[in-house]
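Student: Could we go through this protein together, one piece at a time? I would like to learn how to read it.

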Amino acid sequence: MANGPAPFPEIGKKAKDLLNKDYNFGHKFTLSMLSDSGMALTATGVKSNQFFLGDISTQYKSGKTTVDVKVDTRSNVSTTITTNEIFPRTRMALNFKIPDHKSGKLDVQYLHPHAAINSSIGLTPTPFLELATTIGTKELSFGGEVGFDTASASFIKCNAGIGLKSLISLLHSYWVTKGIR
């Protein structure tokens, strides 16, 4: 599966992370502990001016299932239950937040050597549906995504993208498959 195209949400992720991830002006601390049984506990806090925001998260892995629970300073509890390989090459995740009863979501991902398909459905009476697909290789991929709001019966998201790892690796893989040295 590592030789297939990246899922559509990951196209351009490295560039976005370079500009946006882990950038703050305040003081940040993180404390992580890992047990032999597969349980991880992480406490994170950020102080910016007079405000302090923090969270405590725990992760438990057992077989093909991972459970993540995070509690933040606003008493929100975020939970993600992820199961890999229910079917070959699939990954399923159930996400929800407490007390937000409309936050439930089920994500299913299928990875093939030449395609990646992601689908998502909100767990509400009028769910938001999303479908994203990518075709290609690890070096060059083409993809798109659509979002459908069942409450208004309209498409509210439609995006397309191209992922290019590097021109040099793309030319190298072409030369290798054609036997050009």
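Predicted model: local features only at pLDDT ≥ 70, side-chain atom pairs only at ≥ 80, totals over all residues.

Student: Which residue forms a salt bridge with Glu 145?
Tutor: A salt bridge here is a side-chain nitrogen of Lys or Arg within 4 Å of a carboxyl oxygen of Asp or Glu. For Glu 145, the closest N and O atoms of the pair are 3.9 Å apart. Glu 145 lies in strand S10 (residues 140-149) and its partner in strand S11, so the pair ties together parts that are twelve residues apart in sequence. The partner is Lys 157.

Student: What is a strand, and how are strands numbered?
Tutor: Strands are DSSP runs of type E with at least two residues, while helices are runs of H or I with at least four. As for the numbering, it goes from the N terminus.

Student: How many salt bridges does the structure hold, and which residues do they link?
Tutor: Besides the pair with Glu 145, Lys 157 forms a salt bridge with Glu 130, with the closest N and O atoms 2.4 Å apart. Lys 157 lies in strand S11 and Glu 130 in strand S9 (residues 128-136), so this pair ties together parts that are 27 residues apart in sequence. The structure holds two salt bridges, and the network they make links Glu 130, Glu 145 and Lys 157.

Student: What is the relative accessible area of Lys 157?
Tutor: Compare it with Glu 130, which counts as partly exposed because its relative accessibility is 21%. Lys 157 is partly exposed too, and its relative accessible area is 26%.

Student: In what order do the strands sit in the sheet, and which ones stand at the edges?
Tutor: Two strands pair if DSSP finds at least two bridges between them. Eleven strands form an open sheet with antiparallel pairing, in the order S1-S2-S3-S4-S5-S6-S7-S8-S9-S10-S11. Each edge strand has a single partner strand, so one side of each is left without a neighbour in the sheet; these are S1 (27-34) and S11 (154-164).

Student: How many residues are in the hairpin that joins S7 to S8?
Tutor: S7 and S8 pair in the antiparallel sense over eight bridges, and one of these places Leu 111 with its partner Ala 116 in S8. For S7 to S8, the hairpin goes through two residues.

Student: With which side chain does Ser 120 make a polar contact?
Tutor: A polar contact is a pair of N or O atoms within 3.5 Å; within protein, one must be able to donate a hydrogen and the other to accept it, and residues adjacent in sequence count only if both atoms are side-chain atoms. Ser 120 is in strand S8 (residues 115-122) and counts as buried because its relative accessibility is 11%. At 2.8 Å, its side chain makes a polar contact with the side chain of Asp 107.

Student: Which residues does a cis peptide bond join?
Tutor: Look at the loop between strand S6 (90-98) and strand S7 (105-112), which is the place of Pro 99. The omega of the cis bond is about 20°. The residues joined are Ile 98 and Pro 99.

Student: What is the phi of Ser 75?
Tutor: Ser 75 lies in the loop between S4 and strand S5 (77-84), and it is exposed, with a relative accessible area of 55%. Its phi is positive although the residue is not a glycine, with a value near 65°.

Notes:
Residues numbered from 1 in each chain as written. Heavy atoms only, no water. Buried < 20%, exposed > 50% of the residue type's maximum accessible area, 1.4 Å probe, protein only.
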